[in-house]
Amino acid sequence: MGVLAGIFSGALLLSPLVMAQQAILEGSRFYPQESAKGMVATSHFLASEVARDVLAQGGNAVDAAVVAGFALAVTQPRSGNIGGGGFMLISDEQSGDVIAIDYRETAPAAATETMFQDEDGEAVTERSRYTHLAAGVPGTVAGLAMALEEYGTMSLADALAPAIRLAEEGFAVPSRFVQGIQDSKARFEPWEASMAKFFKEDGSAYEVGDTYRQPDLAATLKRIAENGAREFYEGETARLIVAEMENHDGLITMEDLAGYQPVAREPSHGTYRGYDIYAMSPPSSGGAHIVQMLNILEDYPIDEMGFGSADSLHLMAEAMKRAYADRSEYLGDTGFVDVPLDGITSKEYAAELRAQISMEQATPSADIGPGDPLPYESNETTHFSIADGEGLAVSNTYTINFSYGSGIVVDGAGFLLNNEMDDFSAKPGVPNAYGLIGGEANKVEPGKRMLSSMTPTIVKRDGKNFMITGSPGGSRIITTTLQMLMNVIDHNMNIQSAVSAPRMHHQWLPDELRVEDGFSPDTLELLRQRGHTVSQQDAMGAAQSIVIRDGMFYGGADPRRSTSSAIGL
Ligand code: DON
């Protein structure tokens, strides 16, 4: 508080940008969250600002998304990244196309099915989370560059410029930044480059309002700006990654990096009460299960039951359990396994699952297993949503898996390595860090993409972009995104209310209905009476979202992240 009081006493002398940062540090926002021209919603105000500037200067939503993606890699190192991967959905109203760019990490060529097991075949989670073996081949640079080249208007160098400036000149750190580093210090301590990145030269911690500069990261971004995205995969940056691997028994080679390719995919598609829902297809499980859960719920009068009612929460939990049971069995990288997607997302299969649901009594998870969809076969990530006035919308979720990924910074390159290999099943039936059970379909294989829950989603109505949403939160991503859709479509909430409303989650195993603070105790008691094990836990997700109605753009910044910001043009 002392630092801030000092800053505010001199506020009149400061630039609007600095004042904006400091106002946000104090928890107040004064950005317009509605606009007739376009909107950005990200989890960091500096990324929102540079993306908004791109739109204001005539760039399109994809330009703004790529600029935000690189800016978050600088301003929010716990999840913004160039050392990880993710998924971007792009909807172009004019052509009617909705495409997905898959820039998920891949397992290195030397990866093996048992690499995260000991001699006795037991899963060794430490190895898949906090060592160089935890890192998949990063996809972010290639993915953002692909989006820009195919759908943007800016050069890669221009799109990198704001990130380079923020890394070089630095920015005043907010309390969330300071707290995050403090909480994760033990993870950085074994690695000299990580300590050098996150602590001052004398080893002391950054304090709120201190200027934070990242010269190694700035140099890496500059090399990419000068030489193109392949620099990361074949140039000096690739050499630095491989040297890091060779020094610490990691697996990623120059060949792995040179061979990395993002993939343009068709998103999963379904309908819900007349809206078209597009969400991420495999190697994410998000799209398949969002559509599956919506299909199950569509037949119930959720709007009449009301938000937060025991009836609607009960039905949502029952739909969630069945979807996550299927996830454990069927979902994986479609380059390696057949996923019965048409079956999982069909209305007929949903009707079959719905028939198992009792209104009066929760089905114990032990009585639920993966269904049979085949007959129909014919702790941090970050999400942002951007829409422009020309009918282009972008929904992007990307991650290094945990907050600060593996905790390992590539020496000399200034960025964190992901620990995404933990999203594979270390051993069939053994849960990953989010308690998610995976099977054969998600075993480790060379070159394979590990199963994800990330669910960037775009909703269209009558051919027009209507809603852009998604969230971080590991296993909670799919259910958070589901609730975003239901809050707007069923409960007619405005987008800020939809984002802020309390959330629930069930993932089949453990058999527990997890709720945030904010539901009424008598509702929770009614759920217990129906047989649910209700557990009140920490907040879930951060669903930076946009709704477009009658030509107006409305932004929703998630209050669960103190740096979240939605800015209209
Ligand atoms: O891809 C996935 O599903 C996970 N690696 C996402 C991790 C995550 O969301 C952590 N965040 N809160």
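Helix 8 gives the most to the lining of the second largest cavity, with 3 residues. Helices here (H or I, at least four residues) and strands (E, at least two) are DSSP runs, numbered from the N terminus. A cavity, on a 1 Å grid over the protein atoms alone, is a set of points where a 1.4 Å probe fits but cannot get out, and lining residues have an atom within 4 Å of a point. This is a predicted model, with local features needing pLDDT of at least 70 and side-chain atom pairs counting only at pLDDT 80 or more, while totals for chains, interfaces and linings use all residues. Residues are numbered from 1 along each chain as its sequence is written, and side-chain values use heavy atoms, with hydrogens and water left out.

The second largest cavity holds about 90 Å³, where a volume is the space filled by probe spheres set on grid points that are joined across faces, edges and corners. Its lining is made up of His44, Thr75, Gln76, Pro77, Arg78, Pro174, Arg176, Phe177, Ile181, Tyr404 and Thr563. Sorted by class, that gives 5 nonpolar, 4 polar and 2 charged residues. For this sorting, Ala, Val, Leu, Ile, Met, Phe, Trp, Tyr, Cys and Pro count as nonpolar, Asp, Glu, Lys and Arg as charged, and the others, Gly among them, as polar.

Now for helix 8 itself. It runs over residues 175-188, so to speak 14 residues in a row, and reaches 19 Å from its first C-alpha to its last, close to the 20 Å expected at 1.5 Å a residue. The expected span is 1.5 Å times one less than the number of residues. Helix 8 also bends by about 40 degrees at Gln182, the bend being the angle between axes fitted to the seven residues ending at a residue and the seven starting there. Buried residues (under 20% relative accessible area, with exposed over 50% and partly exposed in between, using a 1.4 Å probe and protein chains only) in this helix are Arg176, Phe177, Val178, Gly180, Ile181, Ser184, Arg187 and Phe188. An α-helix has 3.6 residues a turn, so residues three or four places apart point the same way. The cover over the buried residues of helix 8 includes helix 4 (61-75), helix 5 (125-130), strand 5 (171-172), helix 9 (192-198) and strand 6 (211-212).

Arg176 counts as buried because its relative accessibility is 13%. Leaving aside neighbours within four places in sequence, Arg176 is in contact (heavy atoms within 4.5 Å) with Gln76, Arg78, Glu380, Arg561, Ser562 and Thr563. Gly306, on the other hand, is 130 residues from Arg176 in sequence and 34 Å from it in space, C-alpha to C-alpha.

Helix 7 (residues 156-169) also has 14 residues, and it spans 20 Å between its first and last C-alpha, close to the 20 Å expected. A kink of about 35 degrees is centred on Pro162. Pro162 is also among the buried residues of helix 7, together with Leu156, Ala159, Leu160, Ala163, Ile164, Leu166 and Ala167. Their cover includes helix 3 (45-56), helix 4, helix 6 (140-151), strand 5, strand 6 and helix 10. Just after helix 7 comes Gly170, which takes a positive phi of about 85 degrees.

Asn60 lies in the loop between helix 3 and helix 4. With a relative accessibility of 12%, Asn60 counts as buried. Not counting residues up to four places away in sequence, Asn60 touches Leu55, Tyr151, Gly152, Thr153, Asp388 and Leu392.

The largest pocket has a volume of about 420 Å³; a pocket is an open set of points with protein on both sides within 12 Å along at least five of seven lines. Its lining has 21 residues, of which Ala196, Lys197, Phe199, Arg213 and Pro215 lie nearest the centre. Helix 9, strand 6 and helix 10 (215-227) are the elements that give two or more residues to this lining, and helix 9 gives the most, with 4. The lining of the pocket divides into 10 nonpolar, 5 polar and 6 charged residues.

The largest cavity contains about 110 Å³ of space. Of its 17 lining residues, Asn401, Asp423, Tyr434, Ser453 and Gly474 lie nearest the centre.
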